[in-house]
Amino acid sequence: MSAKPDEPTITTELLQTTKLPMTADAILHDFTHYFGRTLGRRSVSAKAPFVYQAIVFAARDRLMERWRKTHDTIEAQDYRRVSYLSLEFLMGRLLRNALLSLDIEDETAEALNRLGLNLEDVYEREKDAGLGNGGLGRLAACFLDSCATLALPVVGYGIRYQYGMFHQRLENGHQVEYPDSWLREGFPWEIERVEYTQTVHFGGRSNSYTEKGVTHYQWVDTHDVLAIPYDIPVPGYQNDIVNTLRLWSASATDGFDLEEFNSGSYVDAVAAKNAAENITMVLYPNAATENGQELRLRQQYFLASASLQDTIRFWRAHHGDDFSGFAEKNCFQLNDTHPAVAVAELMRLLMDEHGVPWNKAWDITRKTMAYTNHTLLPEALEMWPVSMFRRLLPRILDIIYEINARFIDEISRRWPGDNERIRRMSLIQEGGEPMLRMAYLAIVGSYSVNGVAALHSKLLREGLFRDFAELWPEKFNNKTNGVTQRRWLAACNKGLARLIDETIGTQWTKDLTQLKRLAELADDAPFQKKWRTVKQQNKVRLAADISEKTGLLVSADTLFDVQVKRIHEYKRQLLNLLHAVHLYDRIRRGEGDAVVPRTIIIGGKAAPGYAMAKNIIKCINNVARVINSDPVMAGRLQLVFYPDYNVSAMELICPAADLSEQISTAGKEASGTGNMKFMMNGALTIGTLDGANVEIREAVGADNFFLFGLTVDEIEKLRGQYDPQAIIAADDDFQRVMHLLESGHFNRFEPGLMDGVSRSIREPADAWMTAADFRSFIDAQVLAAAAYTDTDRWTKMSILNTAASGQFSTDRTMRDYNDDIWRLEPIKLNGN
């Protein structure tokens, strides 16, 4: 917000007269200043956090002047803006990305070298910002990177969790969760903006009154929480644009009751403070309990309310209370269903706080809200008990009921007398415990609804949201996901990036389609040799990391077969485990010479309340212990569970992978982005026709993709007559694998451990149809192993995968969003 006319200001022009130089000398000078004067340190050691913090301050200063200029330009030119609401932003480490974006990585390395320090060691000192769980949060981070690089005025809004995604430790093979205290040493990238604090309401009741014949509503007797913003710079790649990620932290309106404290009630004295701060304490509380569900709902509303209030604050600072042009200048992109309550909250703010009549407020809402769906799993579509809403958000519930009443009227006019359709489409699912369907609220209140891969969007239109697509076909569209090549190739795979630079130039960092020029060299023997050298170096690096984390000595001369992602039954880590047991069985039966030496690497975290996923982790570790301790397996087969998988781990893993496992049940994975990262780094995919696998296979060609498994249509036809017992009985290999799992071979002293996974495979009601795809998966793995033994062929396929990855950049994704949904004008800075 601009300063008031009578407030003294430091003008942009004055600040820009002292623009900071980008040389090694200047960086060393600033580093020394921050290290010695701000942090008060003398002894220089890369192992302590202070070198990292001082370098961040030096880099942040250079970002700050660009950040300020970007903000001032957006404000002065009154650009249309997007507010991107996401409950997750899995940003990973920020320092390397910032230095690359500023084009000062070499200068920073030189400055540190003069002090005997290594920049790579400093990079390792940075903690991952644990603000996300998996693909959803990492995608949001990639989106922000690309928006800044494309100079699009987009502000990210999220939550500043005190404790992020938990740290995973393995104790006797079991996942045990430990707090991720990522803020313990501070977070030098963030800037607290207390002047933009918002107040968020909970509880209380709705009150109505009539004035001059008009009924007005108030939300009274509320328990209020303060939302304090912390801003993080999001730099574009070497274009002087710096956008903002604004994260909200919860605080009590009155943090301390001195009277209670003086009376000896120490716990009661800080009760309000603790209750408020719980909202932003932990990413994704365990929703297995009612308290966990309530806390999650509080998080969702807290994010939506604070973010919308902030956007309205910015609007009123420049346009006053005239909202007639609000929709022309604002768009709210809802990243999945979590922020769907924003539809009703915007209505409340416009009507109750700013006096906008219902029809006008609804018109503004439906012209500003856009909804991205990221899942085909009905249980992930966010449904909340009406009773919980009535207790926590009574005024919001009133508004949702009114939206639903008007929506039902619209359905009735379109399909008179079709009560069954009304029941299916209502925002309220009736029953013993009425539930609010938040995905439906997002669809009804938005002007755009998109899926994140061509198949996913098709299945949304024809299945999950079919009724809504029939009512509003123009709302539905596809925006296939992507990843940013700056982080997922240029930064994490330096060797390959250098080879590409030397071969086709550097433009691919901004235009990934340039990689298609590599296809011309796929058969070139000298280029293939360089390509293999880079891959081998990356495998050696990952092998060393695995040894450090697990104690296992992994051979970089084996095929690195990798599946790293959130542990979930639909992602079918269990199918991968069956293949590992199959290979173990073959080798034990004397077929070791026919098995291509392979290291199977599985990594990922299970949600704390997801018992089956945690059991799968335990089973993987038990099988791994047997395989890795068997001398017969030496040099032939290893199974590794990579612990505490996160963004920084993926930056080591994806450059080293040979084979990328994308083996979800067809029709269950919305898109996937790990598949794109592996492809971009030259891994070959073995996968089903699910999510973005379909488009990856089309891009690279069927000959360079190992396809297996039932299709979506075949799965639907099989339902109701699926007989996994018969499938197992008809396959000798499968019988032997199941016998090994069920005989106690992998759990001699833990009886019953494998019973859960065994039942899930044999159960006809298994929604993931693991048994149905076993034989097809084994056969595809044989083809992959055969291809790997032909070094020249495999290298050619690897090069072609990278060459075909151009369409999977988030730069392309964000251009699609902007062309079809957002309609933003790129920021034009003076002098650019």
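Two strands pair if DSSP finds at least two bridges between them. The exercises below apply this to a predicted model.

**Exercise 1. Strand E16 and its partners**

Task: Determine which residue of E16 is the bridge partner of tyrosine 371, and which residue of E17 is the bridge partner of glycine 451.

Solution.
Step 1. Begin with strand E12 (residues 369–372), which is joined to E16 by 3 bridges; the two strands run parallel. The partner of tyrosine 371 in E16 is valine 449.
Step 2. Turn to strand E17 (residues 476–478), which is also parallel to E16 and joined to it by 3 bridges. Here glycine 451 has asparagine 478 of E17 as its bridge partner.
Step 3. Consider the directions of the residues. In a regular strand the side chains alternate between the two faces of the sheet. In strand E16 (residues 448–451), Ser448 and Asn450 point one way, whereas Val449 and Gly451 point the other way. All of these residues are buried.

**Exercise 2. Helix H3 and two packed helices**

Task: Describe how H3 packs against H2 and against H4.

Solution.
Step 1. Two packed helices are described by the angle between their axes and the distance between the axes.
Step 2. For helix H2 (residues 24–38) and helix H3 (residues 49–77), the angle is about 125° and the axes are 8 Å apart. H2 is therefore oblique to H3. Their crossing is right-handed.
Step 3. Identify the residues of this contact. H2 contributes Ala26, Ile27, Asp30, Phe31, Tyr34 and Phe35, and H3 contributes Phe50, Val51, Ala54, Ile55, Phe57, Ala58, Asp61 and Arg62. Of the residues in the contact of H2 with H3, 11 are nonpolar, none is polar and 3 are charged.
Step 4. Proceed to helix H4 (residues 95–102), whose axis comes within 10 Å of that of H3, with a crossing at roughly 45°. H3 is therefore oblique to H4. The crossing of H3 and H4 is left-handed.
Step 5. On the H3 side, this contact is made by Tyr52, Ile55, Val56, Ala59, Arg62, Leu63 and Arg66; on the H4 side, by Leu95, Ala98, Leu99 and Leu102. The contact of H3 with H4 divides into 9 nonpolar residues, no polar residues and 2 charged residues.

**Exercise 3. A sheet and the helices across it**

Task: State the order of the 6 strands in the open sheet, and locate H25 and H34 relative to the strands.

Solution.
Step 1. The order is E20-E19-E18-E21-E22-E23, with parallel pairing. Strand E20 (637–642) and strand E23 (706–707) are the edge strands, each pairing on one side only.
Step 2. Within the sheet, strand E18 (residues 559–564) pairs with strand E21 (residues 659–662) over 2 bridges in the parallel sense. Leucine 659 of E21 is the bridge partner of aspartate 561.
Step 3. Helix H25 (residues 611–629) lies across strand E19 (598–603) and E20, at about 145° to E20. Helix H34 (residues 791–803) lies across E21, strand E22 (684–687) and E23, at about 85° to E22.

**Exercise 4. Isoleucine 616**

Task: Is isoleucine 616 buried or exposed, and with which residues is it in contact, leaving aside its neighbours within four places in sequence?

Solution.
Step 1. Isoleucine 616 belongs to helix H25.
Step 2. Buried means under 20% relative accessible area. Isoleucine 616 has 2% relative accessibility and therefore counts as buried.
Step 3. Leaving aside neighbours within four places in sequence, isoleucine 616 is in contact with Ile567, Glu569, Gln573 and Val757.
Step 4. Isoleucine 616 and histidine 174 lie 442 residues apart in sequence, with 9.4 Å between their C-alpha atoms.

How values were computed
Residues numbered from 1 in each chain as written. Predicted model: local features only at pLDDT ≥ 70, side-chain atom pairs only at ≥ 80, totals over all residues. Heavy atoms only, no water. Axes fitted to C-alpha atoms, helices over the stretch in contact; angles between N-to-C directions. Helix = DSSP H or I, 4+ residues; strand = E, 2+ residues; numbered from the N terminus. Parallel < 35°, antiparallel > 145°, perpendicular 65-115°, else oblique. Left-handed = near helix turned anticlockwise from the far one by under 90°. Contact = heavy atoms within 4.5 Å. Nonpolar A, V, L, I, M, F, W, Y, C, P; charged D, E, K, R; others polar. Buried < 20%, exposed > 50% of the residue type's maximum accessible area, 1.4 Å probe, protein only.
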